[in-house]
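This report concerns a single protein chain and is written for a reader who has the sequence and the coordinates at hand. Please consult both while reading.

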Amino acid sequence: MKFITGLVVILILLVFGSVFVSPEVFPYAGLLPFLVPVAIIVNIFLFFMLALAWRRLAFFPLICLAIGYKFFLISFQFHPKNEDAVGLKVLSFNAHLFNYKNPPTGAEDPTVFSWVNEHPADVKVIQEFYQDYTIENKNALKFLSKEGEFDYTYHPLRGEPKKRSYGMAIFSKYPIVNDGVVFDEKNSNGAIFADIQVGKDTLRVYNVHLASMSIEAEAFENYDSAKIVYKQTLGKLHLGSLKRAQQMNILMEHLGNSPYKVLLMGDLNELPYSNAYFRISESLQNAFELAGRGFGFTFNRILFFLRIDHIFATPSLVPIQFKTHREVDYSDHYPVAATFTWDGFEP
């Protein structure tokens, strides 16, 4: 029993410690964080089993649980809804080109297109944004800017920018005084920013879409298909985590040079147990951890237990409300929204 307990404790600590190791340093380190929930469950089971047997060995899994307390905080929260909170309202959404279930046809059609337009957020960042200048009722920039009521910046990733294109967008009720591109992975993902003047303050808002996890969710709908692709999936997960680590280096350097308070939002394709998540958490706070409720899962497919869409902010920007809009199922991601306030905030 001593040997088994010691072995399990060592393995659990290795899994916990993997979040501090970049996939660039140790191959497949990006896969170990997927085992964190399993490690927690095994640890709890081992603790109760030893405690009920009145074994002193129970202190070892108890110590592991104390060491891993951070994982509980980032997994589940139970803050008040606070839906009437007053502050800067922000929204992040991977919109899946606005046509996951229904193509956008205009303001009267109750599609995701209209939902984004009607959401009360002051700042909206959209990944997998689809822009079509050739069809009036699919001109997303015109429609979502509300005929100029919202300022915006848009960066196409592929397509014909003057006709139809795919990219990333930031919309703001407040003036955008500067904008730019952090990095651009042609045809897939990237990161952009906009400096937004809110009263006497200027905030730097990042819209980030890191490299895909490359999980073919449909392949896991039954055992036979999962058995065929699981090895390929592990390889894709490894390559994806390595690519995201490289993108994170660029992003963190740019973020570190920001002269303003920062809001970082988007589809990071990273679990809360990942090295990327912990790297960002060294300088920014996650809104879900401070104002969220439940588990906050954001993936709208069979692998529903993934929370990969995040909102981070400079510690002086205090989140007082956070919500995952699970009622909005047009995309393969659920939108996430938060409300922030800070000293000197002027609505």
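The model is predicted, and local features were considered only where pLDDT is at least 70. The protein has 347 residues, of which 53% count as buried. Its secondary structure comprises 9 helices and 14 strands. Among contacts between residues at least 6 apart in sequence, 70% join residues at least 24 apart.

**Strands**

Strands of a sheet pair through backbone hydrogen bonds, in either the parallel or the antiparallel sense. An open sheet of 6 strands runs in the order S6-S7-S8-S9-S12-S10 and has mixed pairing. Its edge strands are S6 (176-185) and S10 (285-286), each of which pairs on one side only. S10 is joined to S12 (residues 309-313) by 2 bridges in the antiparallel sense, and Asn286 has Phe312 as its bridge partner in S12.

Strands S4 (residues 151-159) and S5 (residues 164-172) are also antiparallel, with 8 bridges between them. They form a hairpin with 4 residues between the two strands. Within this pairing, Thr153 has Ile170 of S5 as its bridge partner.

**Nonpolar regions**

The largest nonpolar core has 40 residues, and Phe71, Tyr206, Val208 and Leu264 touch the most other members. Helix H7 (residues 223-256) provides the largest share of this core, with 5 residues. Apart from this core lies another of 30 residues, which includes Met168, Tyr174, Val205 and Ile311. Leaving out residues up to four places away in sequence, Leu264 touches Tyr206, Val208, Leu251, Leu255, Leu284, His310, Ile311 and Phe312.

A nonpolar patch is also found on the surface, where Met1, Phe3, Ile4, Leu7, Ile10, Leu11, Leu14, Phe45 and Met49 together have about 950 Å² of accessible area. Helices H1 (2-17) and H2 (36-52) each supply at least two residues of the patch, and H1 gives the largest share, 6 residues. Ile4, a patch member, lies in H1. Ile4 counts as partly exposed because its relative accessibility is 49%, and the exposed class begins over 50%.

**Salt bridges**

Side chains of opposite charge can pair when their charged atoms come close. The structure holds 9 salt bridges; three of them are listed here.

| Salt bridge | Closest N to O distance |
|---|---|
| Lys173 and Asp122 | 3.8 Å |
| Asp195 and Arg204 | 2.7 Å |

Lys173 forms a salt bridge with Asp122. Lys173 lies in the loop between S5 and S6, and Asp122 in the loop between helix H5 (112-118) and strand S3 (123-132), so the pair ties together parts 51 residues apart in sequence. Asp122 counts as buried, at 9% relative accessibility.

Asp195 lies in strand S7 (residues 189-198) and counts as buried at 2% relative accessibility. Its partner Arg204 is buried as well, at 8%. Apart from neighbours within four places in sequence, Asp195 is in contact with Pro175, Ile176, Val177, Asn178, Thr202, Leu203, Arg204 and Tyr260.

Glu270 counts as buried at 10% relative accessibility, and Arg244 counts as buried at 3%.

Terms used: Residues are numbered from 1 along each chain as its sequence is written. This is a predicted model: local features need pLDDT of at least 70, side-chain atom pairs count only at pLDDT 80 or more; totals for chains, interfaces and linings use all residues. Side-chain values use heavy atoms; hydrogens and water are left out. Patches are made of residues with over 30% relative accessible area and no salt bridge: like charges are joined within 9 Å, nonpolar side chains (Val, Leu, Ile, Met, Phe, Trp, Tyr) within 5 Å. Accessible areas come from the Shrake-Rupley method with a 1.4 Å probe; for residues, only the protein chains shown count as cover. A salt bridge is a side-chain nitrogen of Lys or Arg within 4 Å of a carboxyl oxygen of Asp or Glu. Buried means under 20% relative accessible area, exposed over 50%, partly exposed in between (1.4 Å probe, protein chains only). Two strands pair if DSSP finds at least two bridges between them. Contact means heavy atoms within 4.5 Å. A nonpolar core is a set of buried Ala, Val, Leu, Ile, Met, Phe, Trp, Tyr and Cys residues joined through side-chain atoms within 4.5 Å.
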